[in-house]
Amino acid sequence: MTKKNLVITLIFSCFALNACAKTENTNTASQTVKDQKTLFATRTPIANDQKMDIDGDGRPDVAEVVTIAETTQTLPSTITLITPWVLNGEATASSNPLKGGSHNNLLVTLGTSKQYLIHDVNDISILDTDAAKEITVTSKSSLEELDLSDLGEQAKGDVIVIPTEAGIDTYLYWNGSSFQTYEPMESP
């Protein structure tokens with residue numbers, strides 16, 4: 001085989017390997033989309049007038065209220081489960097959304113790939129109240145105006161606002177490595 005033929009063969013081999021890799025990535029992405037269509041019984045985007053940047057990286061993020069389908073047996077490995085609320089009283093709910101705790105959950109997609117399912121381990125959850133139907137996202141810059149400057153120091157980006165029946169909002173924020181809750185001590 002001449003040098004010229006060897007070079008041409010190597011070039012075509014590289015193109016073939018690259019095409020196979022792209023097909024594999026496409027198959028994985030389409031499988032993830034298919035899995036999520038059967039994973040969630042309902043998906044309701046959190047309506048917001050602004051683009052959300054929950055992790056503060058300058059790229060848009062997405063937040064949705066979701067319920068898990070009854071047929072779901074396990075969560076895909078592409079979704080990280082977060083349970084930022086502590087158990088109330090003597091509750092013994094599992095930290096698995098398939099085995100107890102809140103019916104409604106939050107699915108937050110940071111950028112285009114990092115997904116977090118935020119689940120309340122308590123059987124009685126603020127995510128399941130009528131007030132929680134009004135979940136919004138507030139910009140990090142508006143936290144100072146809301147007299148929440150200490151939350152603004154902890155949050156890396158915009159903050160998810162979960163209204164409560166008592167009128168005292170709960171805030172869910174990204175601290176740079178995980179989601180945390182912030183519940184101010186105030187009167188309604």
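## Pairing in the open sheet

Two strands count as paired if DSSP finds at least two bridges between them. Strands themselves (E, at least two residues) are DSSP runs, numbered from the N terminus. With that in hand, look at Thr 138, which stands opposite Val 159 in E7. E6 and E7 pair in the antiparallel sense, over three bridges.

Zooming out, four strands make an open sheet, ordered E6-E7-E8-E9, with antiparallel pairing. Strand E6 (136-138) and strand E9 (179-182) sit at the edges with a single partner strand each, so one side of each has no neighbour in the sheet.

## About the model

This is a predicted model, where local features need pLDDT of at least 70, side-chain atom pairs count only at pLDDT 80 or more, and totals for chains, interfaces and linings use all residues. Residues are numbered from 1 along each chain as its sequence is written, and side-chain values use heavy atoms, leaving out hydrogens and water.

## The nonpolar cores

A nonpolar core is a set of buried Ala, Val, Leu, Ile, Met, Phe, Trp, Tyr and Cys residues joined through side-chain atoms within 4.5 Å; buried means under 20% relative accessible area (1.4 Å probe, protein chains only). The largest such core has 21 residues, and among those touching the most other members are Ile 46, Leu 106, Ile 135 and Phe 179. Elements giving it two or more residues include strand E2 (62-68) and strand E4 (104-110). E4 brings the largest share, three residues.

Take Ile 135: its contacts (heavy atoms within 4.5 Å) include Ile 46, Val 65, Leu 106 and Ile 160, not counting residues up to four places away in sequence. A second, separate core has nine residues, including Leu 143 and Tyr 182.

Key. Buried means under 20% relative accessible area, exposed over 50%, partly exposed in between (1.4 Å probe, protein chains only).
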